[in-house]
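Here is a short briefing for a first look at this model. Start with the view below, then read on by topic.

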Amino acid sequence: MVRRLLFILLALAAARVFAAEVQVAAAANFTTPMQKIAAEFERESGHKVLLSFGATGKFYAQIRNGAPFQILLAADEATPAKLEQEGAAVAGSRFTYAVGKLVLWSARSGMVDPRGEVLKRGGFDHLAIANPRLAPYGMAALESMKAMGVYESLEGKLVQAENIAQAYQFVASENALLGFVALSQVMEGGVLKGGSAWIVPASLHAPIHQDAVLLTTGQGNPAAVALLRYLQGAKARSIIQAYGYDI
Amino acid sequence: MSPGDLAAVWLTLKLATVVTLLLLLVGTPVAWWLAHTRSRWKGVVAAVVALPLVLPPTVLGFYLLLLLGPRGPIGQLTQALGLGTLPFTFAGLVVASVLYSLPFVVQPIQGAFAAVGSRPLEAAATLGAGPWDRFFTVAVPLARPGFLTATVLGFAHTVGEFGVVLMIGGNIPEKTRVVSVQIYDHVEALDYAAAHWLAGGMVVFAFVVLLALHLLTGRREEGR
């Protein structure tokens with residue numbers, strides 16, 4: 001008995017010695033899945049994960065100016081590539097952790113039809129999108145509207161959110177009856193949480209590849225390396241897919 | 001500066017001007033009441049007026065978005081009146097900015113009215129001046145430094161507004177995209193050169209405004 005207790009104590013002490021901390025900057029659209037993944041990872045590995053969520057462009061500026069992040073989970077592929085080029089990220093550590101899906105969503109049921117015809121029909125004052133200059137989902141929304149030939153007629157109705165989380169907020173509060181958001185925001189466990197939605201066909205816009213990268217500050221941190229490996233594992237992938245991402 | 005930047009500057013100046021005029025109109029009676037009342041509600045009203053000083057702009061913006069939205073009580077009222085909803089419009093920004101800058105206008109005027117006190121007004125009354133006459137020919141001229149401070153601070157604070165506009169503006173060119181939001185966009189899009197033009201301009205503007213305020217009010221006090 002005493003021996004077993006001693007063994008457990010020793011094991012715990014050992015785990016503490018090996019447990020490390022990793023600071024992660026993650027795209028706003030990946031908030032909920034990442035919280036789940038981090039919780040699972042912490043439970044399995046004993047490492048500690050500190051998460052910050054926000055716009056990828058802002059994280060870029062912060063990382064370039066000495067922010068203590070060790071991993072970036074970007075909303076695009078350009079930013080991690082740029083960081084790698086500039087020597088702020090570890091070469092060869094980049095990979096796509098999720099492919100985002102764009103959805104036209106309304107908090108009202110029956111508002112959005114299964115083919116997105118509502119965009120041609122009208123009957124709404126405001127259409128929310130994320131700022132195309134800043135957010136890949138905003139750019140994808142713009143491309144989709146142009147591909148459908150409805151951009152000219154909708155331009156006057158567009159309201160731009162600073163990021164995809166705010167676009168969701170505009171639509172959820174019905175200040176905008178419709179909006180382009182990330183499927184991950186309106187889907188949980190493989191079903192729509194509420195309202196009505198149309199998943200925009202991927203053929204209408206350039207794919208939204210979301211890349212992860214190990215920053216040079218995270219080099220040699222076992223927790224950072226382990227988390228990136230975990231993100232590519234089966235468990236993380238199934239969580240990511242449950243929120244409506246492809247991978 | 002790009003045409004988009006100039007449009008943002010113009011919009012910001014227009015917003016700040018409209019808001020400042022409205023605030024002087026709304027804030028003066030409130031300040032007068034606060035300076036002279038003995039009501040037990042004084043503390044409550046003063047606290048409400050001062051709320052925007054301590055609340056994060058995101059709180060104000062978030063609640064305005066919900067209150068003014070189609071499901072909020074104010075939004076339902078504006079819809080019933082045929083005005084539509086206020087978020088994402090210039091009028092919406094004006095309403096939000098009036099609330100946001102209210103303490104910056106009310107408090108200096110209130111302080112000035114209190115400093116004038118009731119004796120000059122009583123003297124005017126014994127000379128036969130009616131209440132409106134006393135207010136406009138005695139109280140307001142004597143409280144001029146307070147009005148000057150209120151105007152400058154109200155204007156400058158509206159120019160510097162960011163969080164509330166970000167929450168309810170919708171970033172629409174020439175309608176709700178003000179300078180502070182435009183700067184934020186430039187920074188986020190990594191266009192630092194464009195950001196510097198506007199951001200540097202804001203620093204100079206703020207400095208000049210505060211310096212001018214100091215010189216104007218300072219001279220007035222010495223002149224007394």
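Chain B has 11 helices and 0 strands, where helices (H or I, at least four residues) and strands (E, at least two) are DSSP runs numbered from the N terminus. This is a predicted model: local features need pLDDT of at least 70, side-chain atom pairs count only at pLDDT 80 or more, and totals for chains, interfaces and linings use all residues. Residues are numbered from 1 along each chain as its sequence is written, chains are lettered from A and ligands numbered from 1 in the order in which they are written, and side-chain values use heavy atoms, with hydrogens and water left out.

**Overall form of chain B**

- From the N terminus on, the elements of chain B read α-α-α-α-α-α-α-α-α-α-α.
- The C-alpha trace of chain B spans about 65 × 45 × 30 Å along its principal axes.

**Where chain B meets chain A**

- Chain B brings 23 residues to the contact and chain A brings 22 residues; contact means heavy atoms within 4.5 Å.
- About 2000 Å² is buried between chain B and chain A, and carbon and sulfur atoms give 52% of that. Buried area is the accessible area (1.4 Å probe) that two parts lose on being put together, summed over both.
- On the side of chain B, the most area is lost to chain A by B:Arg71, B:Phe88 and B:Glu188, together 30% of what that side buries.

- A salt bridge is a side-chain nitrogen of Lys or Arg within 4 Å of a carboxyl oxygen of Asp or Glu.
- B:Asp191 and A:Arg133 join their side chains in a salt bridge (3.9 Å, N to O).
- Helix 3 (57-68), helix 9 (163-168) and helix 10 (179-188) of chain B are the elements that give two or more residues to the side touching chain A.

**Salt bridges overall**

- Over all chains, the structure holds 11 salt bridges.
- A:Lys235 pairs with A:Glu40 in a salt bridge, their closest N and O atoms being 3.4 Å apart.
- A:Lys235 lies in helix 11 (residues 234-242) of chain A and A:Glu40 in helix 2 (residues 31-45) of chain A, so this pair ties together parts that are 195 residues apart in sequence.
- Side chains of opposite charge can pair when their charged atoms come close.
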